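Trainee: Walk me through this model, please. I would like to start with the ligands and then turn to the sheet.

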Amino acid sequence: MKRIGVLTSGGDAPGMNAAIRAVVLTAAAAELEVIGFEYGFNGVLEQQYFSLTPHHVNHLIQHGGTLLKSARCQAMFSDDGVRQIAAVLHELAIDALVLIGGDGTFRGAMALSQYYQGKLIGVPGTIDNDVDGTDFTIGFHTALDTALDAIDKIRDTADAFERIFLVEVMGRHTGYLAVAAGIAAGAEQIICPELAAELDTDKILQHIRSAQQYRGRCSYIIVVAETMYPGGASALAAELERQGVDCRASVLGHIQRGGRPVGADRILATKLAAYAVEQLLQGAHLVMAGEVNGEAVLYPLAKTGDKQKQVDPYLLAWQQRVAQY
Ligand SMILES: Nc1ncnc2c1ncn2[C@@H]1O[C@H](COP(=O)(O)OP(=O)(O)OP(=O)(O)O)[C@@H](O)[C@H]1O
Ligand SMILES: O=P(O)(O)OC[C@H]1O[C@](O)(CO)[C@@H](O)[C@@H]1O
C-alpha cells in the first residue's frame with residue numbers, strides 16, 4: 001500500500017479535524033502518501049483533492065469543522081455515479097480510502113465496494129451517535145456540551161419568567177442527543193423516538209399540569225428531538241399555545257455541529273483514525289474502526305446502520321419515573 005485517500009462526508013462533526021490529523025500522521029509514520037478529497041464523495045467525482053502532509057495538520061486538532069469540507073453527494077445514489085467515483089479512485093492509484101462520516105457515508109462505502117478494487121475503512125464521525133459498532137461517535141460529546149450550555153442558559157430565563165420552554169436538539173431519527181442533553185440539563189420532559197414513536201400533545205399537557213400541581217408555578221423544560229413533530233419545536237409550541245399553555249420554543253440547530261471539540265472527541269478521533277490506518281496496513285477492508293468499552297474494535301461497515309445500539313434504557317426509565325417531581 002502506497003497511497004491512501006481520506007474524506008469527510010455527511011454532517012460535519014467536531015473532532016473530524018482531529019481524525020484527519022491522526023490519519024495523516026499515522027500514514028506519514030508508515031511512509032504512506034495521503035490524498036485529501038474535498039466535499040466528501042463529491043471531491044472524488046469532481047477530482048477536487050490535494051496531497052495532505054503533516055504540515056497541513058499542524059495545530060489542527062483543536063478546530064471544529066473539517067479541513068476537507070463536507071457534503072452530501074447525490075451521485076452516490078446512482079449506479080453510474082458510484083462507478084464514476086470508483087473509476088477516479090483507480091485512476092489516481094488510491095490503494096485505500098478512509099471515510100470519516102456517519103452510517104450514510106458507510107452505506108456509500110458499501111455501494112462503492114461493488115466497483116472499487118481498493119480497501120475501504122470507516123471512522124465514525126457524526127454528532128448523532130447513531131452508528132452501530134462504537135459506543136460513541138466523534139462529535140457527540142462536543143454537541144452534547146454545546147446543547148447543555150444553551151439549555152442551562154435557557155433555564156435561567158425560564159426560571160425568571162417561570163416559563164415553559166421547548167428546546168429542539170438535532171439527532172436525525174434517533175434520540176441520543178435528546179436523552180443525553182435532557183438528562184444532563186435536568187429537563188422535565190424528553191421527547192424522542194426511543195420514548196414514543198409518535199408525539200402525543202395530550203400526554204405532554206398532562207405531564208406539564210401534574211408537574212405544576214406538584215411544584216407550583218416554575219420553569220419547565222422539554223427537550224425535543226428534531227424529527228418528533230411536523231414543523232419542529234416552534235410548531236409544537238404554537239400547538240400547545242393553542243391549547244392554552246404559554247410556552248416558548250428554542251431550536252438549537254446547527255450550533256450543535258460547530259465549536260472546538262471537547263477533549264473526549266479529540267482523543268476518540270485520534271485513537272480511531274490512527275487505528276483505522278494501522279488496520280488498513282494489516283489488510284482490514286469494509287470495516288469501521290470503533291470503540292467498545294474503551295477498546296478499539298473493527299466492525300463490519302455493512303452493519304453500522306442496523307440500529308442495534310440503544311439509548312441507555314436505565315436512564316430512559318428513570319427519567320419517566322421522576323420527571324413529575
Ligand atoms: N444508500 C446509499 N448508497 C450510496 N451512498 C449513500 C447512501 N446513503 C448515503 N450515501 C452517501 O453518503 C452521504 C452521506 O450520508 P448521510 O447524508 O446519510 O450522512 P451520514 O454519513 O449518515 O452523516 P450524518 O448522519 O452525520 O449526517 C450521502 O450524501 C451519499 O453521498
Ligand atoms: O446539515 P443539514 O443538511 O441541515 O443536516 C442536518 C442533519 O445533520 C445532522 O446534524 C447530522 O446528521 C443531523 O443531526 C441533522 O438532522
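**Ligand shells and sheet**

Mentor: Gly11, Gly102, Thr126, Ile127, Asp128, Met170, Gly171, Arg172, Glu226 and Arg257 are the residues around ligand 2, with C-beta, placed from the backbone, within 6 Å of it. The model is predicted: local features need pLDDT of at least 70, side-chain atom pairs 80 or more, while totals for chains, interfaces and linings use all residues. Residues are numbered from 1 along each chain as written, chains are lettered from A and ligands numbered from 1 in the order written.

Trainee: Which domains does the shell around ligand 2 draw on?

Mentor: Domain bounds come from an automatic or database assignment. At least three residues come from each of domain 1 (3-139 + 261-303) and domain 2 (141-258).

Trainee: Which helix gives the largest share of the shell around ligand 1?

Mentor: 19 residues surround ligand 1, with Gly10, Arg72, Gly102, Gly104 and Thr126 the closest. Helices (H or I, at least four residues) and strands (E, at least two) are DSSP runs, numbered from the N terminus. Six shell residues, the largest share, come from helix α4 (residues 103-112).

Trainee: Which strands stand at the edges of the sheet?

Mentor: Two strands pair if DSSP finds at least two bridges between them. The open sheet has seven strands in mixed pairing, ordered β3-β2-β1-β4-β5-β10-β11. Each edge strand has a single partner, so one side is left without a neighbour in the sheet: these are β3 (49-52) and β11 (295-300).

Trainee: What is the bridge partner of Leu99 in β5?

Mentor: Strands β4 (residues 96-101) and β5 (residues 119-124) run parallel, joined by six bridges. For Leu99, the partner in β5 is Gly122.
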